[in-house]
Amino acid sequence: NPKYVEKTSDAMDLGTIAHELILQGSLQNIVVCSEFDAWRSNEAKARKAEIEAQGKIALNSNTRSIIDEVQEMKVQLHNRLNGHRDYPGLMMKGRGEVSAFAYDGEIWNRARFDWLDENYPDIIVDYKTTAHKFEKWIAEFWRDDKHLQSPHYRKVFDIITGRKSKFIFVVQRTV
């Protein structure tokens, strides 16, 4: 849709950066740090627009601390998951952002799994970030019917592997 303009916000940028660093281990493909301390001058605005036109997130010297915050989020996430009651060590060893395609006899289906874990090979992990407490996040998330992703992703995974899968959300607060 050529008229579609993707909305962005600082919260969405933080989620994107967290996804990239936590699931892929690197930020080099999505973040560009600028020498400007703000986006007020015309030169700074032009530089920001240039970075965003490349599909990347522009950070200035006052906002690049977000990278340190996300690195701390990664440490905290791994600490919490390492001691998880049901899935200790989840998201410690595996692959992030895995594309999958499966033919179900009628149509081709596609999915992009956030995380496929080597320790739990039948679990599909969908990683989410939020500033809200979990109770509020889950109430708003389910209201928006985004949970419909689960049966589709499980269908694609099950066709490819021939095994029954589980789909779980790993939800992390950003504050």
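**The sheet and what packs on it**

Analyst: In this predicted model, four strands make up an open sheet of mixed pairing, and their order is β3-β4-β5-β6.

User: Which strands stand at the edges of the sheet?

Analyst: An edge strand has a single partner strand, so one of its sides is left without a neighbour in the sheet. From one strand to the next, the twist averages 40°. The strands at the edges are β3 and β6 (166-173).

User: What angle does the direction of α1 make with that of β5?

Analyst: Helix α1 packs on the sheet and touches β3, β4, β5 and β6. Its direction relative to that of β5 is given by an angle of about 145°.

User: At what angle does α5 run to β4?

Analyst: Helix α5 covers residues 149-161. It lies across β3, β4, β5 and β6. Its angle to β4 is about 90°.

User: How many bridges join β3 to β4?

Analyst: Strand β3 spans residues 94-103 and runs antiparallel to β4. One of the pairs is A102 with its bridge partner N109 in β4. The two strands form a hairpin with four residues between them, where G105 takes a positive phi near 100°. The number of bridges joining β3 to β4 is nine.

User: Which residue of β5 is the bridge partner of W115?

Analyst: Strands β4 and β5 (residues 123-130) run antiparallel and are joined by two bridges. They form a hairpin with five residues between them. In β5, the partner of W115 is V125.

User: Why is strand β4 described as largely enclosed by the rest of the structure?

Analyst: Strand β4 covers residues 108-117, ten residues in total. A residue counts as buried under 20% relative accessible area. The strand is largely enclosed because the buried residues number seven of the ten.

**Two helices**

User: Are α1 and α3 parallel, perpendicular or oblique to each other?

Analyst: Helix α1 (residues 10-24) packs with helix α3 (residues 65-82) at an angle of about 55°, and their axes are 10 Å apart. An angle under 35 degrees would count as roughly parallel, and 65 to 115 as roughly perpendicular. The two helices are therefore oblique.

User: What is the handedness of the crossing of α1 and α3, left-handed or right-handed?

Analyst: On the α1 side, the contact is made by L14, I17, A18, L21 and I22. On the α3 side, it is made by I66, E69, V70, Q71, M73, K74 and L77. By class, this contact has nine nonpolar, one polar and two charged residues. The crossing is right-handed.

**Two residues**

User: Is Q149 buried or exposed?

Analyst: Q149 lies in helix α5. Beyond its neighbours within four places in sequence, Q149 is in contact with D126, K128, F167 and F169. Its relative accessibility is 19%, and the cut-off for buried is under 20%, so Q149 counts as buried.

User: What distance separates the C-alpha atoms of I168 and V125?

Analyst: I168 is placed in strand β6 and is buried, with a relative accessible area of 16%. Leaving aside neighbours within four places in sequence, its contacts are Y87, L90, I123, I124, V125 and D126. I168 and V125 are 43 residues apart along the chain, and the separation of their C-alpha atoms is 5.1 Å.

Technical notes:
Residues numbered from 1 in each chain as written. Predicted model: local features only at pLDDT ≥ 70, side-chain atom pairs only at ≥ 80, totals over all residues. Heavy atoms only, no water. Buried < 20%, exposed > 50% of the residue type's maximum accessible area, 1.4 Å probe, protein only. Pairing = 2+ DSSP bridges. Contact = heavy atoms within 4.5 Å. Axes fitted to C-alpha atoms, helices over the stretch in contact; angles between N-to-C directions. Parallel < 35°, antiparallel > 145°, perpendicular 65-115°, else oblique. Left-handed = near helix turned anticlockwise from the far one by under 90°. Nonpolar A, V, L, I, M, F, W, Y, C, P; charged D, E, K, R; others polar.
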